[in-house]
Amino acid sequence: MSELSKCFYQVTAGRSCRDLCHPEYATCWRSFVGITKTLLPGSYKLYLTLLVIPPLVKGGGYTAEYWKTHILGYASISFKTYIQAISGLTLQCLFYKLFGRLHYYWLMGVPGFVSAALVPKLPRVHLRLQGITYFNMMLEVMIRKSEWRWLQVLRRSRLWATVAFMLFSARIMHVLRADTVNQFWIMYPAPATTDRAKGCSSTCLHDASCPAYIFDGVWKYALAGFTIEAARGLLSKGALVYGAPGRFWPELRQAIGLALPLFLAAYVGSFRSISCWLAHRTGRERAGHARLAGLLSGASYLIYPKYQLFTLALTKFLEMSWEHYHNTAKVRPRWAVLLQRAPILRLVHMCAIGYMYHALVFHSHLSPPFNAKCVNYCSGYRVERIKRRLVAWMLERSARLNPAQPST
Ligand SMILES: [Zn+2]
Ligand SMILES: [Zn+2]
C-alpha cells in the first residue's frame with residue numbers, strides 16, 4: 001500500500017472529490033445531506049461495548065443516578081463522534097474545492113485533525129479514552145513503520161516487551177502506592193490510610209487475612225476478564241442468533257479467550273502475594289515493596305503479550321511519571337510550567353486521529369483492525385470504498401504502463 005503514497009498524484013490527476021469520495025451523490029451538498037441522514041446509527045453501534053462492559057464489571061452500586069449518567073454519557077460520546085464523522089467527510093470536499101485537486105495529506109490526515117478539533121467538547125474521561133486509544137494506535141503504526149533495526153528487533157522480542165512491561169509496572173505501582181497520582185490502572189495497592197486495627201494482620205495494609213485478600217483479587221479479576229471476553233464475544237457474534245443459529249455457540253466459545261482472565265488473575269494474585277510476603281518478611285509494609293511487587297508481577301505479561309496492553313502500560317507509565325513529577329517537584333523549570341498549561345491531551349487527540357485516518361488509507365497494512373472498525377462504522381464504510389477506489393486506480397495505471405505484465 002505504500003506504493004499508493006508514491007503515485008497518489010498520478011492516479012488522482014483529473015479526478016474530483018466526487019469521483020473518489022462520493023460517486024453515489026451528484027454534488028458535495030447532496031453528499032453532506034446524505035451522510036447526515038445515514039451515519040448516526042454507526043456511531044451508536046461503535047460504542048456498544050462502552051455501554052455494555054462497564055456496568056458488567058462494576059459489580060455493584062447500580063443506582064438510578066448511575067444508569068442515567070452512564071446512558072447519557074454513551075449517547076453523548078456517540079453523538080459527538082457522529083458530528084466528527086460528518087465534519088471529517090465534508091472537509092474532504094471542502095479541501096478539494098480549496099486546492100482544485102485531491103491532495104495527499106488533505107484527503108484523510110488534515111480532515112481527521114480538523115474534525116477532532118471541531119468536535120463539541122468531550123468530557124475529560126471520554127477525551128482521554130479516545131485520545132489515549134488513538135495515541136496508542138499511532139504509536140503502534142509508528143513503531144511498525146520505523147526503519148530502525150533495533151526497534152524492529154525489540155518489537156518482535158517477547159522477552160524485551162516483558163522486561164519493559166515489568167519496569168513500567170514497577171514505576172506505576174510505586175507512584176500509586178506513594179499516592180501522588182490519581183489515575184486508572186489495572187490494579188491498585190492497598191491504600192495506606194486503611195485502619196490497620198480492623199485487619200487480622202497488622203503487618204499488611206489491607207483488611208482481612210492475607211489469603212482472603214489474595215484470593216479475593218484473583219477471583220474478582222478473573223471474573224472481570226471473563227465478563228469482558230464474554231461481552232465482546234456476544235457483541236461480535238450476537239447477530240448469528242438470527243442469521244445462523246447453528247454457528248452461534250461454537251463461534252461464541254471460540255471468541256471467548258482465556259488469556260485475558262488468566263493474565264488479570266495472575267497479575268493481581270502475584271502482586272498481592274509478593275506484597276504480603278515482603279511485609280511479613282520485613283515485619284511491616286513499606287512503600288518500596290509496591291515497586292518490587294509491581295516489577296515481579298509484571299512478568300504476567302507473558303500470558304497476554306498483546307500490543308494494546310503494552311502501549312497502555314507505556315502511556316500510563318509516561319502519564320503517571322509526569323503527574324508524579326508535577327505533584328512532587330518543589331521547584332519546576334519554566335518549560336515544565338508551560339507544558340503543564342498546554343492542552344496536551346486535546347492536541348494528542350487531534351494529532352493521533354489525523355495520523356490514524358491517514359494511515360488507514362495510505363498505510364493500511366500497518367493500521368490495526370480496530371482503527372478500520374472505528375472509521376468504517378462511523379463513515380458507513382465510505383473510507384473503505386475510498387481506499388478500494390484508489391487501489392483500483394493504481395492497478396489500472398500500472399496495467400496501462402506495463403501492458404505486457406499480467407496484473408496481480
Ligand atoms: Zn465532494
Ligand atoms: Zn497481607
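1. Two residues are in contact if their C-beta atoms, placed from the backbone, lie within 7 Å. Residues 24 or more positions apart make up 74% of the protein chain's contacts with a separation of 6 or more.

2. This is a predicted model, in which local features need pLDDT of at least 70 and side-chain atom pairs count only at pLDDT 80 or more, while totals for chains, interfaces and linings use all residues. Residues are numbered from 1 along each chain as its sequence is written, and chains are lettered from A and ligands numbered from 1 in the order in which they are written.

3. The protein chain holds 22 helices and 0 strands (DSSP runs numbered from the N terminus: H or I of at least four residues for helices, E of at least two for strands). Its C-alpha trace spans about 80 × 60 × 45 Å along the principal axes.

4. Helix α12 (residues 158-178) and helix α18 (residues 307-328) have axes that come within 9 Å and cross at roughly 35° (axes are lines fitted to C-alpha atoms over the stretch in contact; angles run from 0 to 180 degrees between N-to-C directions). Among the residues making this contact are Phe165 and Ile172 of α12 and Phe317 and Met320 of α18.

5. Asp179 is not a glycine, yet has a positive phi of about 60°; Asp179 lies in the loop between α12 and α13 (210-237). Tyr381, also not a glycine, has a positive phi of about 65° and sits in the loop between α21 (369-379) and α22 (382-401).
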